[in-house]
Amino acid sequence: MTTPVHIGFIPLVDAAALIVAVDKGFAAAEGLDVTLVREVSWSNVRDKLNIGMFDAAHLLAPVAIASSLGIGHVKMPIAAPFNLGLNGNAITVSPALHAAILAEIDGDPFDPMATALALSRVVATRRKNNAEPLTFGMTFPFSTHNYQLRFWMAAGGVDPDEDVRLVVLPPPYMVDSIAGGQIDAFCVGAPWNSIAVDRGVGHILHFVSDILLRAAEKVLAIRQSWAEKNPLVVAAMVRAASRAAEFIEQPHNRSEVARILAQPERIGVDAEVIQRTLDGRLKILPDGTMRESSRYLLVGREDAARPDRAQAAWLYAQMVRWGQASFSPEALETAKGVFRADLYDAALGLTAKPANGSDAVGAFAGPAFNPDDIAGHLAAFRIGRQKS
Amino acid sequence: MGAESSPKIVIVDESPIRAAILEEGLREAGYTSVAHISEMQSLLSRIYALDPDVILIDLENPSRDVLEQMFQVSRAVRRPIAMFVDQSDSASIQASVDAGVSAYIVDGLKKERLKPILDLCISRFNAFSKLQDELDRAKSALEDRKVIDRAKGILMKLKGLTEDEAYVLLRSTAMREKKKIGEIAQSILTASELLK
């Protein structure tokens, strides 16, 4: 007997574990009859998950937390028993902005502090010349992209709400918008950075792993009430996604994975472009300059799939820092409770691990992140929009 | 306040036909202030310029995420906006998602005033997709007929049948194989291509 499950996803490379779980038969082997539904907006994914049209979804980790807290939208407690990906985004800038940053940079162009300080000088010059503020595209108010951009530029003294414009743009529109000059830069997941480079309209300035070593990006999101009623189905989903993640991380499977993801009803872009992301080997400049990072996108390796409460706490801290949420110890606990390592461990027959003592986030600026001391984290940064 | 007489409604939809159907419906129902945005570039500034009380957007539109930014506390926001589809009316949410439309209401307009607008949207969106289905069906029926005609021609030539006999052969084969006549006809065309 098979259980029908409807799962919504956005066509991005970090939906790989779900897509491969279905298309390689790992889900079917767990007795799941999964229908993957491709969506066009995070709002749709969130709403269809909320009202039960989806049983589970590929969701921005911060949206899962925001939904559980009832900020920005209706309150819907979410359980996230599986991380679909850590990292995977990049910051791409227009050739003109890249040139301006390189002209101001004092140091290594891959050092985010050096680029952030250079950006602050570019911003100051533009202000002096009465030029329009720079515009940065990101994918959603509650997105890692938004927080990564803000964390990076604020470290260099750029106030993301005062000194530049941050605008939401759907990922498929990013490339056209940077080409058309409506935006000067963007932070988005794969494959859009590579497509901008291929079209000669963008230069990849940073992999987001330059900014944070580990950032929970997308989660497998399930309504908490549904997860409680269907524990066996949840466990089966986790196992199927886990087998898929293992499969994806085997380098010799990568070209097959890229072909699966490239299908028109899945992500629908060139397999070669997808493979670059999986391999963490990206063309960063139109002239063919390559950059490689073993941390570009983590799907399963380095324990990436196991939900980490400290990651949830960091995301919540960013919501507080930028005025999306006010701080309370209860809300912090709720946020941490979205990331369900217990469900992950139970599904895979693992014994619970003690919390990782070291810095779970690895940010390039500020002190090591302590998930129990949000106030300390926030006090370390000068720029912010905290509600009193 | 203008909103008391007729709330200002903005339709965000890249389909001009559906937007027209919706706009017509709203006007017939007495909503005189209706604008349509079909261009997604600089969507927020267009919306701010129109300063609407209600925003309707189709769910196939990726720019729905752009609207979410309006809920954020930011200097750019002139008026706070809340989403209408709260948990108090789940039937209405379900119906609107099924129909493929979402509504946003600008703070200040009474929620009950949105209900008839949303109901109208749902019925017009459903009418549009019915129309679209019919159109698609008609198109594929036409395609089928072309394919069947060509298959009949091949059978007539190869087996020396009359047109009626060729059709009967197609139909009986389709019934035996539990397939549509169009599918059988298509496989005849494919086979004859291969055997050329």
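What follows is a short chat about this predicted model.

Biologist: Let's start with the overall build. How many helices and strands are there in chain A?
Modeller: Keep in mind that this is a predicted model. Going through chain A from end to end, the tally comes to 17 helices and 13 strands.

Biologist: What does the radius of gyration of chain A say about how compact the chain is?
Modeller: The globule rule gives 21 Å for 388 residues, and the radius of gyration of chain A is 20 Å. Those values are close, so chain A is as compact as a globular protein of that length. As for the box around its C-alpha atoms, along the principal axes that is roughly 70 × 45 × 35 Å.

Biologist: And what percentage of the residues in chain A is buried?
Modeller: A residue needs 20 or more other C-beta atoms within 10 Å of its own to be called buried. Of the 388 residues in chain A, the buried share is 58%.

Biologist: How do the axes of helix H11 and helix H16 of chain A lie relative to each other?
Modeller: H11(A) covers residues 231-249 and H16(A) covers residues 341-348; their axes come within 9 Å and cross at roughly 80°. Angles of 65 to 115 degrees count as roughly perpendicular. H11(A) and H16(A) are therefore roughly perpendicular.

Biologist: Which residues of H16(A) make that contact with H11(A)?
Modeller: On the H11(A) side, the contact uses Val234(A), Ala235(A), Val238(A), Arg239(A) and Ser242(A). By class, the residues of this contact are eight nonpolar, one polar and one charged. H16(A) brings Leu343(A), Tyr344(A), Ala346(A), Ala347(A) and Leu348(A).

Biologist: Now for the partner chain. Which helix gives the largest share of the side of chain A that touches chain B?
Modeller: There, 24 residues of chain A are in contact with 24 residues of chain B. The chain A side has twelve nonpolar, nine polar and three charged residues. Helices H3 (42-50) and H8 (171-179) of chain A each supply at least two residues of it. The largest share, five residues, comes from H3(A).

Notes
Residues numbered from 1 in each chain as written. Chains lettered and ligands numbered in written order. Predicted model: local features only at pLDDT ≥ 70, side-chain atom pairs only at ≥ 80, totals over all residues. Helix = DSSP H or I, 4+ residues; strand = E, 2+ residues; numbered from the N terminus. Rg over C-alpha atoms; globule rule 2.2 N^0.38 Å. Buried ≥ 20, exposed ≤ 12 C-beta atoms within 10 Å, placed from the backbone. Axes fitted to C-alpha atoms, helices over the stretch in contact; angles between N-to-C directions. Parallel < 35°, antiparallel > 145°, perpendicular 65-115°, else oblique. Contact = placed C-beta atoms within 7 Å. Nonpolar A, V, L, I, M, F, W, Y, C, P; charged D, E, K, R; others polar.
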